[in-house]
Amino acid sequence: MLEKQLTKLTIKDLTKCFSKLGYQPPKILKKAELLNKLSIDIENTKQFYNNIPDDQYTEHIISLDMGLKNMSLSRFTIESNKSKPTKSKPVLQQWFKIDLEPYDEYQFSPVNYSLITDGFLREYLLPKRFQDNNVYTVIAERQRFRTNGSPRVLETTLKSNTVEAMLAMGLITHNRLSPGNRISFYSSAPGAMVNYWQSKYYYDESMDKVKISEKDSKNFRIDLALSMLHDALNTAGINFEKTNLNESIVDKLRTRNQHGFEIPNGLVKNFDKRCKKSEFVESWEKAWEYKSKSRRLWEVSRLLNLCNKDEYKVPDLDKLWGKVKGDDLADSLLHGLQYFDHLQNRKIFINMISKDKSDIKEFLED
């Protein structure tokens, strides 16, 4: 059934399928290879859902922007159904960045970095208690051996790659030892998240989709994260004067109403309690007034962390939160939301291909 419907599509259409569903395309972009790989991926997705014991379940998406000094994590939960995409937005339960080597006391050695990685794995990635109707997924952007203009790969890059490999191995080992408490791990292609969001919210109809500078791209992602956050806060009843937001992005988000997230009720209640103290209110208002978008996002996320429930709150120590910059926070957030979009598209697509008269090309252009 799958191959019968898709054989009518062009190579360009099939490539769009991989992009929209979040699957990694084969190295050889020929029609036969594309069809074969897509069939395998779809069957694996079906099997994944078949293995969930209940029709209704809670999905946990833990998204990482990898780094040693600036590791950022966004944790979403979504109440889901096996066969239908949810109409609700995911709930942002946890959002922080952390310096995994805060005091420069760890020598770059396998033993030391195993201890660092194991601590992060146990504290933030492995649930304290697994539940049968919960599904856990960790997403991280695949690291590259970048030189950043240096004649050789920087030591910090090698360290980040080491931590990424150890985290992956830790999760694989966990899954082998505890097959009933499996955590899926996905490594997304470098730049895929950036291209995904830029194509949706950066370019206007009059603009050519040319490559933009790294600085402009980073500022755009921070703007997008701040705009989504502001919208989520207003929806949760945390209203305040919006300051220094990118109005173009705000308008697009409001018009399309496709993307974003919700703030958990527990955090909102704790926020209201803290607002009774003038010191917190002053800090909150000041955080949104910083001229630097990166600093603004860093400050706001720290204050939200203070209001979080104890199970998701992380220590509010300057050294532990790494450099005062928010691009890492924006990227972990957008990685997680992109993956959520792909999950929704996969459910829609699988439902479509079960119907002979479904319009796949219309789905690809939407």
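Which residues of α11 are buried? In this predicted model, they are Ser294, Arg296, Leu297, Trp298, Glu299, Val300, Ser301, Arg302, Leu303, Leu304 and Asn305. Because 11 of the 14 residues of α11 are buried, the helix is largely enclosed by the rest of the structure. Its buried residues pack against β3 (91-98), α7 (214-235), α9 (265-274), α10 (278-287) and α12 (327-352). Helix α11 covers residues 293-306, and at 1.5 Å a residue it should span 20 Å; the end C-alpha atoms are 20 Å apart, which agrees.

The largest nonpolar core has 77 residues, and Leu64, Phe120, Trp197 and Phe261 have the most contacts inside it. Helix α7 supplies the largest share of this core, 9 residues. Leaving aside residues up to four places away in sequence, Phe120 touches Leu64, Met71, Leu73, Ile98, Leu100, Leu125 and Leu167. A second, separate core of 18 residues includes Leu14, Phe18, Ile42 and Met352.

The salt bridges number 19. One of them joins Glu101 and Lys159, at 3.9 Å from N to O. This pair links distant parts of the chain, 58 residues apart: Glu101 lies in the loop between β3 and α4 (110-125), and Lys159 in helix α5 (residues 155-177). Glu101 counts as buried at 3% relative accessibility, and Lys159 counts as buried at 12%.

Another salt bridge pairs Lys46 with Glu43, with the closest N and O atoms 3.7 Å apart. Both residues lie in helix α3 (residues 31-50), 3 residues apart, about one turn of the helix. Lys46 is partly exposed, with a relative accessible area of 31%, and Glu43 is partly exposed at 44%.

Conventions:
Residues numbered from 1 in each chain as written. Predicted model: local features only at pLDDT ≥ 70, side-chain atom pairs only at ≥ 80, totals over all residues. Heavy atoms only, no water. Helix = DSSP H or I, 4+ residues; strand = E, 2+ residues; numbered from the N terminus. Expected span 1.5 Å × (residues − 1). Buried < 20%, exposed > 50% of the residue type's maximum accessible area, 1.4 Å probe, protein only. Contact = heavy atoms within 4.5 Å. Core = buried A, V, L, I, M, F, W, Y, C linked by side-chain atoms within 4.5 Å. Salt bridge = Lys/Arg side-chain N within 4 Å of Asp/Glu carboxyl O.
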